[in-house]
Amino acid sequence: MGWTGKILRVDLGAGSCASEPLNMEWAQAYMGQRGLATKYLIEETDPKVDPLSPENKMIFATGPLTGTIAPTSGRWSVVCKGPLTGAIACSNSGGFFGAELKNAGWDMIIFEGRSAGPVYLDISNDEAELKDASDLWGKSVWETETTLIQRRGDNDARVASIGLAGENGVLYAAVVNDMDRAAGRSGVGAVMGSKNLKAVVVRGTVGVTVKDPMAMMKTSNSAKEILAENAVTGEGLPTHGTQVLMNVINEIGALPTRNGHEVQFEGAHNISAEAMAEPRDSDGQANLVSNHACFGCPISCARRSKIDPSHFTVKDKPGYQIVGGGLEYEAAWALGAATGVDDLDALTYANFVCNEQGLDPISLGSTLGAAMDLYAAGSISSSDTDGIELEFGNTEAFVAMVEATARGEGFGKEIGQGSKRMCDKYGHPEFSMTVKSQEFPAYDPRGIQGMGLTYATSNRGACHLRSYTVSSEILGIPEKTDPLVTEGKAGLVKAFQDATAAVDSSGTCVFTTFALSGEDIAPMVAAACEGDWSVERFVEVGERIWNMERQYNIAAGFTGADDTLPERLLKDAAKSGSAEGAVNRLDEMLPEYYELRGWDVTGVPTAETLGRLGL
Amino acid sequence: MFKALRMENDACTGCHQCEMMCSYGKVGAFNPAKSVMNISVFKGGAANIPSTCTQCEEAWCMVVCPVEAITVNSVTGAKEISDEVCVGCKVCTIACPFGAINYDADSGIVTKCDLCGGEPMCVEACPTPALAYVAEGSTGYEKMRSYAAAMIDLDDSPVQ
């Protein structure tokens with residue numbers, strides 16, 4: 001109950017699909033989704049495997065709450081070794097695909113090997129079959145999804161697929177479901193492409209059952225009430241989306257701008273939630289059309305946007321004059337502030353292209369910012385960039401380079417390798433705003449100290465969604481801490497990391513944690529699942545997952561030396577804002593963090609810690 | 001006076017909580033495919049339209065049923081299907097002008113909204129004002145008013 005108890009194992013080399021029972025002992029120890037899929041990956045693959053080889057496996061995973069009445073129950077994840085980082089990759093997505101997969105009766109799909117030619121997986125409840133996808137190879141996510149739904153003749157079928165980026169091996173290619181929801185980070189789409197797997201289409205009518213339906217209703221209703229009454233989940237996110245943060249973060253001076261040279265962007269307002277809602281001069285319409293919910297979500301933070309049809313990016317392209325997935329904060333920051341571009345419709349167009357061809361806008365925008373930095377330093381010139389004048393703030397150049405990257409053309413191929421490889425190649429590794437080769441997102445660690453430790457220690461490379469201490473340091477949730485202070489941040493980061501690992505593994509959305517705590521979420525898991533799901537055990541599972549991921553990375557070759565930040569954040573002081581004159585003081589936080597984690601001074605979990613967690 | 005479901009398209013975000021709760025009431029599992037409240041999504045998610053049986057006063061499904069499997073609940077006014085009596089002939093699905101009554105291949109009979117005996121679970125589940133259970137005379141007035149307001153600012157008009 002909660003779990004369907006079934007795994008679909010797909011051998012792409014043999015072209016076969018088989019059902020097997022879920023390991024219930026592991027389900028009790030790792031809950032589901034992120035945790036449970038990682039456990040399977042560790043047991044079945046060598047952490048030193050080449051991420052793009054047939055020996056890497058890729059797991060589509062739901063959690064025990066996915067598809068239930070629990071609020072935000074639409075989450076699912078793609079787990080594999082990541083090609084961008086060489087570390088464990090777990091990319092979480094919303095939309096409707098995950099709940100549909102669960103409704104078809106599957107907790108997970110494990111993909112192994114590589115197909116000789118392009119295929120897609122067609123699932124109807126317990127029937128699963130690999131089918132020829134030769135005609136879909138070379139098509140975008142949008143074309144693929146539309147074609148597969150038409151082919152099945154069922155509008156209720158759901159699709160997850162890759163676009164050109166995944167096919168071409170862009171190292172931050174995404175797996176996109178429901179047209180614009182993405183398992184975006186670490187290049188999981190490139191792994192899918194390396195397996196010659198174009199798409200998964202699923203229709204599920206089996207239904208999801210839980211252990212104690214009455215307790216499920218009661219705990220879910222109570223969680224929904226708390227979410228509705230909370231200022232962030234009941235008001236800020238539904239109205240403005242995550243973009244509610246743009247002006248706030250810029251104001252305090254923690255908006256990494258022009259590849260981290262500055263921490264405030266003069267164009268921030270132009271690309272903010274407020275700007276999205278303002279009617280344009282040209283056609284009197286606002287960029288923002290409406291908000292939208294993922295499956296089971298009462299928060300409804302997703303944006304639906306429409307670009308001005310006369311804007312240069314879409315003027316002669318009716319295919320983009322549509323209502324599509326609009327800018328979220330991280331995308332608006334990466335595509336905008338990191339590159340110095342403040343043309344809202346141009347950024348929305350770039351975001352559409354990311355959805356259409358399956359790219360992570362965070363890594364794309366940050367890599368474009370790094371390329372502009374190389375261009376400004378004279379390390380590359382327009383002869384390298386196919387004549388494109390890649391200056392900070394040059395909107396036309398930005399758009400041209402986004403298109404080239406999506407199609408894998410010219411200098412776009414370099415951009416598609418991510419900023420670490422590109423900056424290494426052109427002799428300026430210090431220009432790469434990455435940790436473990438993954439681009440960091442929209443919070444400058446000079447102005448928000450805890451986010452420095454968050455990025456440095458994130459198991460999947462720099463990421464805000466592994467411990468969102470912005471919640472405490474800026475928004476004051478669950479309690480306000482000073483963003484400029486390092487004291488106490490080690491404990492804060494650890495607590496956020498463990499809780500987030502548990503929430504992810506349940507199959508619900510981390511955004512609920514602005515309002516809900518383990519006291520609210522664990523009882524929903526307890527209502528859905530057999531076993532002891534006290535709050536203490538819920539958080540312990542999170543800690544176990546964090547240490548398991550760490551063990552994977554150590555086995556893959558990472559050491560404590562990789563728990564660091566780009567020099568720019570550690571040596572170049574913020575030029576303005578509340579953190580003016582400050583750098584990130586990672587060295588004040590990291591040793592204490594290792595100690596609190598029960599790791600030795602080199603960042604390796606001690607035998608005692610591993611024993612305590614049953615690892 | 002009976003009460004009726006009022007559905008406000010503009011408020012619906014497409015989260016499908018209603019479908020989950022409805023299907024739980026019908027089949028004991030969270031299974032949107034078995035829900036008799038349906039959300040149709042258009043315009044890339046910018047338009048989400050809830051729809052279900054409106055409980056017609058003179059219900060064509062009931063009129064055409066050859067075995068009298070559909071009866072009126074005297075408390076709620078809902079047109080309810082007797083699982084024991086229904087033979088799955090599907091004539092009602094042809095008669096209904098709105099597609100609000102459908103054949104379920106798994107059970108072999110038709111299925112439709114029965115207002116959950118007067119406490120519609122979809123309304124309880126809905127996190128927005130999109131679904132409400134109101135006096136049946138007031139289902140359309142607010143909607144008409146909102147459409148009218150889109151054309152004329154009613155607050156400025158002399159007569160309200």
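Is A:Thr72 buried or exposed, and how many C-beta neighbours does A:Thr72 have inside 10 Å? The structure here is a predicted model, and the answer is taken up first.

A:Thr72 counts as buried because it has 30 C-beta neighbours inside 10 Å, and the cut-off for a buried residue is 20 or more. A:Thr72 sits in the loop between E3 and strand E4 (76-81) of chain A. Its phi is positive, about 70°, although A:Thr72 is not a glycine. Most residues other than glycine have a negative phi.

A:Asn125 is another residue, not a glycine, with a positive phi, in this case near 50°. A:Asn125 belongs to the loop between E7 and E8 of chain A. With 15 C-beta neighbours inside 10 Å, A:Asn125 counts as partly exposed.

## Domains of chain A

The domain assignment divides chain A into domain 1 (6-203), domain 2 (246-438) and domain 3 (445-514 + 534-612). The centres of domain 1 and domain 3 of chain A, taken over C-alpha atoms, are separated by 28 Å. Between these two domains, 35 residues of domain 1 are in contact with 25 residues of domain 3.

On the domain 1 side of this contact, helix H1 (24-30), helix H2 (33-44) and strand E5 (88-93) of chain A each supply at least two residues. H2(A) gives the most, with seven residues. By class, this side of domain 1 has 15 nonpolar, 15 polar and five charged residues.

## Strand E6 and its partners

Strand E6 of chain A covers residues 108-112, and four of its five residues are buried. Strand E1 (residues 6-11) of chain A runs parallel to E6(A) and is joined to it by five bridges. In this pairing, A:Leu8 stands opposite A:Ile109.

Strand E3 (residues 58-62) of chain A also pairs with E6(A), but here the two strands run antiparallel and four bridges join them. A:Ala61 stands opposite A:Met108 in E6(A).

## A sheet of six strands

Six strands of chain A form an open sheet in the order E8-E7-E12-E9-E10-E11, with mixed pairing. Strand E8 (127-132) and strand E11 (181-183) are the edge strands, and each pairs on one side only. From one strand to the next the twist averages 20°.

Within this sheet, strand E9 (residues 158-161) and strand E12 (residues 197-203) of chain A run antiparallel and are joined by four bridges. A:Arg158 has A:Val202 in E12(A) as its bridge partner. Helix H4 (residues 141-152) of chain A packs on the sheet, touching strand E7 (119-124), E9, strand E10 (175-177) and E12. The direction of H4(A) makes about 145° with that of E9(A).

## A sheet of three strands

Another open sheet of chain A has three strands in the order E13-E14-E15, with antiparallel pairing. Strand E13 (288-292) and strand E15 (324-325) stand at the edges with a single partner strand each, so one side of each has no neighbour in the sheet.

Two bridges connect strand E14 (residues 302-305) of chain A with E15(A), in the antiparallel sense. The bridge partner of A:Ser305 in E15(A) is A:Gly324.

## Two packed helices

Two packed helices are described by the angle between their axes and the distance between the axes. For helix H12 (residues 344-357) and helix H14 (residues 395-407) of chain A, the angle is about 0° and the axes are 10 Å apart. H12(A) and H14(A) are therefore roughly parallel to each other.

The residues that meet include A:Ala346, A:Tyr349 and A:Val353 in H12(A), and A:Phe398, A:Val399 and A:Val402 in H14(A). The residues of this contact divide into eight nonpolar, two polar and one charged.

## A cis peptide bond

Most peptide bonds are trans. A cis peptide bond, with omega about 0°, joins A:Ile477 and A:Pro478. A:Pro478 is found in the loop between helix H18 (470-473) and helix H19 (489-506) of chain A.

## Chain B

In chain B, strand E2 (residues 38-42) and strand E3 (residues 47-51) run antiparallel, joined by five bridges. B:Asn38 has B:Ser51 in E3(B) as its bridge partner. E2(B) and E3(B) form a hairpin with four residues between them, and B:Lys43 in the turn has a positive phi of about 50°.

Chain B touches chain A through 20 of its residues, which are in contact with 27 residues of chain A. The chain B side divides into 10 nonpolar, eight polar and two charged residues.

Definitions and conventions. Residues numbered from 1 in each chain as written. Chains lettered and ligands numbered in written order. Predicted model: local features only at pLDDT ≥ 70, side-chain atom pairs only at ≥ 80, totals over all residues. Axes fitted to C-alpha atoms, helices over the stretch in contact; angles between N-to-C directions. Parallel < 35°, antiparallel > 145°, perpendicular 65-115°, else oblique. Contact = placed C-beta atoms within 7 Å. Nonpolar A, V, L, I, M, F, W, Y, C, P; charged D, E, K, R; others polar. Domains from an automatic or database assignment. Pairing = 2+ DSSP bridges. Buried ≥ 20, exposed ≤ 12 C-beta atoms within 10 Å, placed from the backbone.
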